[in-house]
Amino acid sequence: MLRSQDLKLRQSDRQWAVDLVNHLRDSLLVFLKNSDEQPYFQSASVLNSGSYYEMVKIHNPNEFDMMLKLQSPSRLKMTELDQYHGLFYEVALSRPTRSHIRSFLLEDGLTISASKIIREMHRLVRKFISTYKGVRKRPNSPAVTLSLLEVDNGKEELLSVDVVPALEVPSSQSWPLAARAGPDVNNWLGKKTRRSLTHQTCFFVPKKPPGRNLSEAAKESWRISFSHIEKELIKTHGNKRTCCESSATKCCRKQCFKLLKCLIEGLKKRYPQELDALCSYHGKTVFLHTLSIRAQDSLWTLHHLPACFMHLLGALEGHARSGLLPHFFVPSSNLFAALTFPRKALVFLTEALEEQRRQGLPLLMPPAPAPPLAVHSPSNSQSQPSIVVQQTHVIQSPIIQPLKVIETKALVKMFNILALVVALVCVVCYLCPSVVGK
Ligand SMILES: [Zn+2]
């Protein structure tokens with residue numbers, strides 16, 4: 001739930017958290033560099049990606065991702081895992097090596113073991129933390145979750161940092177075949193930009209496909225990652241170079257993305273079991289597709305924010321309804337395929353989104369005092385996707401009006417649109433002080 005007061009507080013907390021994470025990052029790198037027992041990690045560096053710098057986590061603003069870049073001594077042989085259409089891979093060296101990576105190879109002396117790398121990373125990070133002041137640790141896979149606590153000014157806060165190893169594909173090598181069809185940015189950013197993007201390297205993170213009864217290969221598999229390029233796309237998002245250069249050319253793309261992330265986080269928080277498969281990456285993918293289709297900057301001007309956001313929401317709904325959400329870089333991989341996103345969860349998501357739209361996005365509304373006759377959702381909502389809105393009061397003053405209602409009274413409509421613009425701008429101001437403040 002977006003509460004303006006909470007968001008204000010979080011903004012001041014945020015700098016504290018960023019400083020702490022930066023200090024942790026620098027200390028970790030020094031620790032790894034000086035660690036003789038595992039020379040392979042000595043040359044690790046940090047890849048700045050994810051919401052660590054984007055700062056778009058709303059409901060859990062104290063969660064950071066840190067990707068630790070690892071090098072390969074030779075070219076990589078990347079073999080797609082069956083069924084996953086280019087998203088998960090078996091990764092092997094192209095020739096035997098005497099370099100430090102050899103302690104992380106499987107018996108064939110070539111295949112890089114994802115589990116061995118994670119295990120060693122866990123061990124090293126655990127050792128590092130034991131020397132780092134004011135930290136409590138919670139192990140988690142594939143990343144390492146730390147809990148930092150601040151004891152200054154008497155408060156104790158949890159901060160989790162996911163340290164994710166990321167194996168870099170040598171720059172001399174092109175992307176795996178499945179990724180060469182994407183990303184579709186020609187109409188949006190132009191062919192030249194696309195070429196420069198696809199000339200960048202890509203990464204593999206030690207992540208298994210979801211589900212049980214995985215094959216031996218799947219247990220050691222890596223997921224392809226383009227998070228560094230995604231970050232760049234979101235940053236330089238304009239059809240023209242001038243987009244967001246000045247207040248006159250300011251667009252609402254980032255704000256729309258933040259609202260979508262916020263909605264997804266809110267849905268997950270509200271329906272943690274039913275929407276377990278949903279993650280912010282689905283939102284990012286829908287956002288990138290939408291940017292590439294609605295390429296013109298003029299479609300994203302600031303005063304179009306409500307309409308643009310509704311468009312984005314409609315796109316997510318459309319993908320959920322059709323059960324088809326191609327990965328932006330690996331279009332053959334469907335992120336809504338039944339193997340990774342259960343049908344039941346997809347139906348639930350479709351209905352939950354529909355309901356959010358119909359009710360005027362209660363999850364993006366600041367909560368009003370509880371009404372005396374609030375309807376509560378049934379506790380056994382597992383068998384049938386049944387969504388009952390708890391906050392009946394927000395329906396009376398929707399933040400975004402569904403189309404059918406808009407047709408009714410012109411005055412109410414005008415008022416609602418005005419209220420909507422004001423509300424969204426307020427929400428965005430809190431979500432995104434850096435963009436608005438510039
Ligand atoms: Zn812009």
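This is a predicted model: local features need pLDDT of at least 70, side-chain atom pairs count only at pLDDT 80 or more; totals for chains, interfaces and linings use all residues.
Ile129 is buried, because 20 other C-beta atoms lie within 10 Å of its own; a residue counts as buried with 20 or more such atoms, as exposed with 12 or fewer, and as partly exposed in between, the C-beta atoms being placed from the backbone. Ile129 belongs to helix α3, residues 114–131. Helices here are DSSP runs of H or I with at least four residues, strands are runs of E with at least two, and both are numbered from the N terminus. From Ile129 to Phe31 the C-alpha to C-alpha distance is 10.0 Å, although 98 residues separate the two in sequence.

Residues are numbered from 1 along each chain as its sequence is written.

Turning to the whole protein, 36% of its 438 residues count as buried. The protein has 14 helices and nine strands. Of the contacts between residues at least 6 apart in sequence, 64% join residues at least 24 apart; a contact requires C-beta atoms, placed from the backbone, to lie within 7 Å.

May I now turn to helix packing. Two packed helices are described by the angle between their axes and the distance between the axes. Axes are lines fitted to C-alpha atoms, for helices over the stretch in contact, and angles run from 0 to 180 degrees between N-to-C directions.

How do helices α8 and α10 pack? Helix α8, residues 253–270, meets helix α10, residues 305–322, at about 50 degrees, and their axes are 9 Å apart. The two are therefore oblique to each other, given that angles under 35 degrees count as roughly parallel, over 145 as roughly antiparallel, 65 to 115 as roughly perpendicular and the rest as oblique. On the α8 side the contact is made by Gln255, Cys256, Leu259 and Leu260, and on the α10 side the residues include Phe309 and Leu316. By class, this contact of α8 with α10 has nine nonpolar residues, one polar and no charged. Ala, Val, Leu, Ile, Met, Phe, Trp, Tyr, Cys and Pro count as nonpolar, Asp, Glu, Lys and Arg as charged, and the others, Gly among them, as polar.

Helix α8 also packs with helix α9, residues 280–293, at about 150 degrees, with the axes 9 Å apart. These helices are therefore roughly antiparallel. Arg253, Phe257, Leu260, Lys261 and Ile264 of α8 meet Ser280, Gly283, Phe287 and Leu291 of α9. The residues of this contact divide into five nonpolar, two polar and two charged.

How values were computed: Two residues are in contact if their C-beta atoms, placed from the backbone, lie within 7 Å.
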